[in-house]
Amino acid sequence: MAREQADIVIVGAGITGCAIFHELSKRKMGKIVLLEACRIAGKTTGQSGGLIRQFALEPALRACQIEGFQYYHRFHREVGSSCSFHQTGLISRISRASVKSLRVCKNELNPEHYPVIWHDDGDTIRIHEPLAGSVNPVQTSQAWVSAGKAHHGVCYENRPVSRILGDTTGVQGVETSCGEIRSEKVILAAGPMTPALMRTVNLECKIRIKSFQYHLYQRASTLFETAHLDFINDFYVLPLRDGNVLAGCLHQDEPVIHGSDPLPVNNHTAFELHVLIAQQFPALEKAEYSVHTSVDTFTCDGRTEVNAIMPVKGLIVVPPANGGGIKTAPAIAKRITAMLIPHGTA
Ligand SMILES: Cc1cc2nc3c(=O)[nH]c(=O)nc-3n(C[C@H](O)[C@H](O)[C@H](O)COP(=O)(O)OP(=O)(O)OC[C@H]3O[C@@H](n4cnc5c(N)ncnc54)[C@H](O)[C@@H]3O)c2cc1C
């Protein structure tokens, strides 16, 4: 079996791994190798709505989202190509009943930092965030990888990592389908597969994996304002860049207990969800729809800080953000880089 040497190995080329790859390669931190089991942005990232916003009540998450938004705004200058950033603003419509469960509280919005406009419409509340919009997550990830390669980073697609080499004292690299890659630093950004890889070095993972059970309404987004997020009766409607609309039910987004397979969609529930949505948006009653299930990962404790204190020397596990990884990827990449840069050389 072939054996390769790297200074830093990143496992997973979703939006997070690609952001880290670009940041580390740009800073010339030795040989950076990005390993992807299938193709760039081929999993959760490829299914994402790509919505970006600054609004979040949690301070750590808010800081990451603000940083992310600003980065995407100047993406072309940073990376040299486009991420299809569009600042459209966002209107979230929330029923009074859902306000509590979504932890939205008018008093906690700080108008100095958030130009958020709150409209009280009686049964519903509308929150208008001008500083919101979207990016294309696949294009963004690919742009980061191309720029990283231009800085001599190496990316292998179709190269699954089967285990982390090392033990609880320190990491020595990874084993892939094409041989070992030796490295004293491994960054795990494998999304829902992260817990399985951690178990190969006997680490228990506290990351929660959540299954999204949602409908995709084809070309229905023309029925909505472009940036419009509805949380009515606990379901959400999110128009996508490609002209489709994602809709799902908050209480049907379930934690996945084991493994990486999302829970299969129950057709009866899916039908009920469609009826519920059609009641709220009559124009969607006849819209063609299909049912998809996808998974995403979340930090269990709601923090968005990089988990620096791993019991295994050299292993960094990227904590998935509670509020959506597209928004936070640039900030997470900067934090990981700061951890890896020797003190005083940043
Ligand atoms: C339906 C849906 C809509 C969403 N909408 C939004 C939104 O509008 N805005 C937002 O900010 N967020 C949104 N999110 C969340 C966001 O898409 C995710 O948080 C983000 O894409 C996660 O990126 P990631 O890189 O952590 O994980 P992934 O995209 O899952 O990337 C992990 C990568 O690791 C690879 N991998 C796994 N195991 C291995 C292995 N053993 N060896 C090598 N590679 C491996 C996988 O193939 C994958 O490519 C949405 C999520 C879903 C499901």
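Around the ligand stand 37 residues, of which Gly-12, Gly-14, Gly-191, Gly-324 and Gly-325 come nearest, a residue being counted as near when its C-beta atom, placed from the backbone, lies within 6 Å of the molecule. The model is a predicted one, in which local features need pLDDT of at least 70 and side-chain atom pairs count only at pLDDT 80 or more, whereas totals for chains, interfaces and linings use all residues. Residues are numbered from 1 along each chain as its sequence is written.

At least two residues of the ligand shell are supplied by each of α1 (15-26), α2 (44-47), β15 (208-217), β20 (289-298) and α9 (325-340); helices (H or I, at least four residues) and strands (E, at least two) are DSSP runs, numbered from the N terminus. By class, the shell comprises 18 nonpolar, 15 polar and four charged residues, where Ala, Val, Leu, Ile, Met, Phe, Trp, Tyr, Cys and Pro count as nonpolar, Asp, Glu, Lys and Arg as charged, and the others, Gly among them, as polar.

Two of these elements, α1 and α9, also pack against each other, their axes coming within 8 Å and crossing at roughly 35°; the axes are lines fitted to C-alpha atoms over the stretch in contact, with angles running from 0 to 180 degrees between N-to-C directions. On the side of α1 the contact is made by Ile-15, Thr-16, Ala-19, Ile-20, Glu-23 and Leu-24, and on the side of α9 by residues including Gly-325, Ile-326, Ala-329 and Pro-330, contact requiring C-beta atoms, placed from the backbone, within 7 Å. Ten nonpolar, three polar and two charged residues make up this contact of α1 with α9.

Among the strands, an open antiparallel sheet of three is arranged in the order β4-β9-β5, pairing being assigned where DSSP finds at least two bridges between two strands. Because β4 (51-53) and β5 (86-87) stand at the edges with a single partner strand each, one side of each is left without a neighbour in the sheet. Two bridges connect β5 with β9 (residues 132-134) in the antiparallel sense, and His-86 has Ser-134 of β9 as its bridge partner.

A further antiparallel pair is formed by β7 (residues 117-120) and β8 (residues 124-129), which are joined by four bridges, with Ile-117 standing opposite His-128 of β8. Three residues lie between the strands of this hairpin, in which Gly-122 takes a positive phi near 90°.

Key
Contact = placed C-beta atoms within 7 Å.
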